[in-house]
Amino acid sequence: KMTQQMRDLQLAQARKPPGPSSPNAAKRLYRNLSGKFRVNYTSFDESSLAGRGEKEKLRKSYLFQSNAALFEAVELQDLDRVQELLKQYSPEELDLNTPNSEGLLPLDIAIMTNNAPIARALLQAGAKESPHFVSLESRSLHLSTLVREAEQRVNELTAQVVNEAPNVDCSEKEKQLKAWEWRYRLYKRMKAGFEHARVPDTPANVQLSVASSSSVQVTFWEPLSVNSAVVTKYKVEWSCSPTFSPLLGEAVIDKLKNLHFTIRGLVSGTAYYVRVSAYNMKGWGPPQASVPAFAIPSNWREYDGRAPRRRGQAEALDHLLGQVKTVHQHCVCHEPCKNQPQSRKHSVSKSLKHLFHPGSKFLKTLKRGLYLTAIFYKDDNILVTHEDQIPVVEIDDTYSCLLMQDFLWFTKVSCMWDEILWLRQCVTVSQSSCSCILQTRFKMLLAISQMQGLLGIQDLGQVFFEPVKDKQGNILIVTLKEVKTNQTFESVRWVPICKLQTSRKSVSSPEEPTALDTLLISIQDKLAYHQRSGHALSPGLYLGYLKLCSAVDQIRVLVPERLPNILCHVKIRSNPNISREEWEWLQKMASVEEAVPVEPEAETSQNHLFQELQVAIKELMTLVNIPLQEAKDFRLYSQEVLDFGGQVSFLLLLPPSDDVCTAPGQNNPYTPRSGFLTLPLQIFELGETG
């Protein structure tokens, strides 16, 4: 086989112009001597590529070269090049787990040369060890064979170089000799690395936690010892006995990007013991028991049998809404609007070409009154009318009611953009004539219908948390909606936001800008708020801080600017579940009257939660700019854990009773640093998604 490979190599070299000899050239020659780098490699000759396009030829050639480049980078211990290739190509494109003709994989070479950084990079990408090594004996025999064959080839080439007269063939054989000598040294280094390696130590920091009423989660670190070979997989075992006899189950983890495992399908209320062991090329190391030694699957609700707060609420509301609709179908107020669905259907079907029609009812300037504006944006562009104006329609030119009440009602209507016609039928002109509030709300519904009809879009997006006002008496209610790139619209005019801001001719003075000017000046802030309010927290348990402040017509809540749909918070841990034992300890702590809480026993889940809470409280106090010594007067909300979708949960930290809500005119001695804002409580409740 080797002789045939050498003939192929000599023919290939004869076709190439002679070049300068270098160590890299020798290493590349070594790569060619492998004959093939993958078991299923097909040589790139004309017959194998017959009938294929030139593009396919280039692609396969390129991928083959990337596979060869990865082997070479691992052999040369070039970590930067290995990381670059892993980032540039997928594992499938690199043939990461297909052995070469010597039965080796890139990971085999890395771990047997004890190159831990490269081995870890390969493992993170999903690399595996060669399936040829089914035992320690087979690996040792394989390495001995590779060393012996390489040594034999070196001796043969040395004799040929010494005995032959200097010529072209002799020069080629000298290059081959250098490459085989380099290969011989590599195999000897791999064999020595294998012989000197030992089984791995125990995994470090094996932590066990309760994930739910039927599961536990174990997390761990790789062994701390640096003297053993690289760990390539882990084994998690569990049992109801501390002696692990009998075993209830085990799982092998060979995807090492995240060192954790969730054991599912367990019995609630039963104690489970867990241990973890590590594996390298010398075999399995000793197991390490978890801390705490066991965990009991449970959930905090089992403490008092409490049902989820939101269970069935959405279904109940849908049912209630259906009942209301049924009643209104037979109501007298429904009659005047029976013919409206036809006209509404026609208006909604119109495309956005109305934005550019001279007869559009969009407003260019504001008089004293209440208005609705819809901001549609995509990347850094914004949707405008044919006159380069943000779409604005009038709600009421004689508005004199209580703005905050009507505004909060409008935000609730924004949850039912598709039901505007039905809502208009419920609030008819005859009914609204007897009330200023009903008149305004009927006009709001008319304005929404007008905006939907002119734009040809029903969903106007999310309402910004406060209206934009000016000193001339104008009030703008602003809705915001991001247009996804895969959405298609007809005859849309998109204008860069910066261009709209610079080209608009202001009709007001800088000292007293109109509401439209104020909107344009602050539009980036509003778009940033809209984008941030759609973000979600990563799974975990969080500590939230509840701080309210009241005004004459509303209560506002303190939130972070970077995530305004969530209370001020810090992360306690990645596991969102609070076990029954942990909740029971929290209840006892809440009932203790002295300032210093009862510290739980060491090596228990309660103690871990206690330590995590101490760290989280310090971090949260610093975040909201409250001196740590004040924390002694704060308390944990012990009535419930706030659950959001099963993946995010909150414990609430409350100020002293008198300071939970700051009254109008009351001085707050601890003002949060920048990066926070206060939202109307109703707006926060609508936007809260967890």
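Two strands count as paired here if DSSP finds at least two bridges between them. Helices (H or I, at least four residues) and strands (E, at least two) are DSSP runs, numbered from the N terminus. My notes on this predicted model follow, with residues numbered from 1 along each chain as its sequence is written. As for what counts, local features need pLDDT of at least 70 and side-chain atom pairs pLDDT 80 or more, while totals for chains, interfaces and linings use all residues; side-chain values use heavy atoms, with hydrogens and water left out.

1. **The open sheet.** Start with the sheet that runs β23-β17-β18-β24: 4 strands, open, with mixed pairing. At its edges stand β23 (661-662) and β24 (676-680), each with a single partner strand, so one side of each has no neighbour in the sheet. On the β23 side, β17 (residues 548-550) runs parallel to β23, joined by 2 bridges. Look at leucine 548 there: its bridge partner in β23 is cysteine 661.

2. Glycine 544 sits opposite histidine 569 of β19. Is β19 mostly covered or uncovered? Mostly covered: of the 6 residues in β19 (568-573), 5 are buried, where buried means under 20% relative accessible area, exposed means over 50%, and partly exposed is in between (1.4 Å probe, protein chains only).

3. Tyrosine 234 has isoleucine 253 of β4 as its bridge partner. In a regular strand the side chains alternate between the two faces of the sheet. β4 (249-253) has Gly249, Ala251 and Ile253 on a covered face, and Glu250 and Val252 on an uncovered one.

4. Aspartate 95 has phi near 50°, a positive value in a residue other than glycine. This aspartate is in the loop between α5 (91-94) and α6 (106-112) and counts as buried, at 16% relative accessibility. Asparagine 205 also has a positive phi, near 50°, but sits in strand β1 (residues 204-212) and is partly exposed at 34%.

5. **Aromatic pairs.** Rings of Phe, Tyr and Trp (its six-membered ring) pair if their centres lie within 6.5 Å, with planes under 30 degrees apart called stacked, over 60 edge-to-face and the rest tilted. That rule gives 13 aromatic pairs. One of them is tryptophan 300 with tryptophan 583, tilted, at 5.2 Å centre to centre and 55° between the planes. Why does this pair tie together parts 283 residues apart in sequence? Because tryptophan 300 is in the loop between β8 (288-295) and α10, and tryptophan 583 in helix α19 (residues 580-591). Tryptophan 300 is buried, at 1% relative accessible area, and so is tryptophan 583, at 2%. Elsewhere, Phe464, Phe465 and Tyr529 make up one aromatic cluster.

6. **Phenylalanine 407.** This residue of helix α12 (403-413) is buried, with 0% relative accessible area. Its C-alpha atom is 7.8 Å from that of isoleucine 477, which is 70 residues away along the chain.

7. **The largest pocket.** A pocket here is an open set of points on a 1 Å grid over the protein atoms alone, where a 1.4 Å probe fits and protein lies on both sides within 12 Å along at least five of seven lines; lining residues have an atom within 4 Å of a point. The largest pocket holds about 1400 Å³ of space, the volume being what is filled by probe spheres set on the points, which are joined across faces, edges and corners. Of its 39 lining residues, Arg310, Gln313, Leu317, Glu685 and Leu686 lie nearest the centre. Two or more lining residues come from each of α10 (313-329), α13 (420-426), β21 (642-644), β22 (648-654) and α21 (681-687), and α10 gives the largest share, 8 residues.

8. **What the lining is made of.** The lining of the largest pocket splits into 26 nonpolar, 3 polar and 10 charged residues. Nonpolar covers Ala, Val, Leu, Ile, Met, Phe, Trp, Tyr, Cys and Pro; charged covers Asp, Glu, Lys and Arg; the others, Gly among them, are polar. Domain 3 (369-534) and domain 4 (540-591 + 604-688) each supply at least three lining residues, with bounds taken from an automatic or database domain assignment.
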